[in-house]
Amino acid sequence: MSVAEIIRRAIEIGERNGKITFDELNQLCDSRELDPKDIERVLNALSAAGVWIEGD
């Protein structure tokens with residue numbers, strides 16, 4: 001799954017649930033190793049979309 005697809009799905013989950021958990025993010029990223037720049041892109045996109053990230 002591409003980083004763009006991870007971001008899209010993470011935002012969908014966050015909008016549906018009002019948040020996304022670290023476990024949910026890990027599941028989305030499971031099939032791909034992300035480098036630090038990719039992780040930053042995901043976190044920035046979630047922040048821009050107003051999606052909170054919560055621990056489990």
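Select R41 and D38, whose side chains meet in a salt bridge with an N to O distance of 4.0 Å; the term denotes a side-chain nitrogen of Lys or Arg within 4 Å of a carboxyl oxygen of Asp or Glu. The model is a predicted one, in which local features need pLDDT of at least 70 and side-chain atom pairs count only at pLDDT 80 or more, whereas totals for chains, interfaces and linings use all residues. Residues are numbered from 1 along each chain as its sequence is written, and side-chain values use heavy atoms, with hydrogens and water left out.

Now display helix α3 (residues 36-48), where R41 and D38 are three residues apart and therefore separated by about one helical turn. Helices (H or I, at least four residues) and strands (E, at least two) are DSSP runs, numbered from the N terminus.

Are the two partners buried or exposed? R41 has 43% relative accessibility and so counts as partly exposed, while D38, at 11%, counts as buried. Buried means under 20% relative accessible area, exposed over 50%, and partly exposed in between (1.4 Å probe, protein chains only).

Keep D38 selected and show its surroundings. Leaving aside residues up to four places away in sequence, D38 touches V3 and R32; contact means heavy atoms within 4.5 Å.

**Second stop: the charged residues of α1**

A search of the whole structure finds four salt bridges. Move to helix α1 (residues 3-17) and select R9 and E5, which lie four residues apart in it, about one turn of the helix. Their side chains form a salt bridge, with N to O at 3.0 Å. R9 is partly exposed because its relative accessibility is 35%, and E5 is likewise partly exposed because its value is 22%.

R8 and E12 are four residues apart in helix α1, so about one helical turn separates them. R8 counts as partly exposed at 38% relative accessibility, and E12 counts as partly exposed at 38%.

With these residues displayed together, what links E5, R8, R9 and E12? They are joined in a network of salt bridges.

Select helix α2 (residues 22-29) and colour its buried residues, namely L25, L28 and C29. Because they cover an arc of only 90 degrees around the axis, they lie on the same side of α2; the arc is that of the directions from the helix axis to the C-beta atoms. Turn to the face directed away from that buried side to find the exposed residues N26 and Q27.

To see what covers the buried residues of α2, display the elements around them, including α1, β1 (19-21), α3 and β2 (52-54).

**Last stop: α1 against α2**

Show α1 and α2 together. Their axes are 10 Å apart and the helices pack at an angle of about 150 degrees, which means that α1 is roughly antiparallel to α2. Axes are lines fitted to C-alpha atoms, for helices over the stretch in contact, and angles run from 0 to 180 degrees between N-to-C directions. Angles under 35 degrees count as roughly parallel, over 145 as roughly antiparallel, 65 to 115 as roughly perpendicular and the rest as oblique.

Finally, select the residues at this packing: I6, R9, A10, I13 and N17 in α1 meet E24, L25, L28 and C29 in α2.
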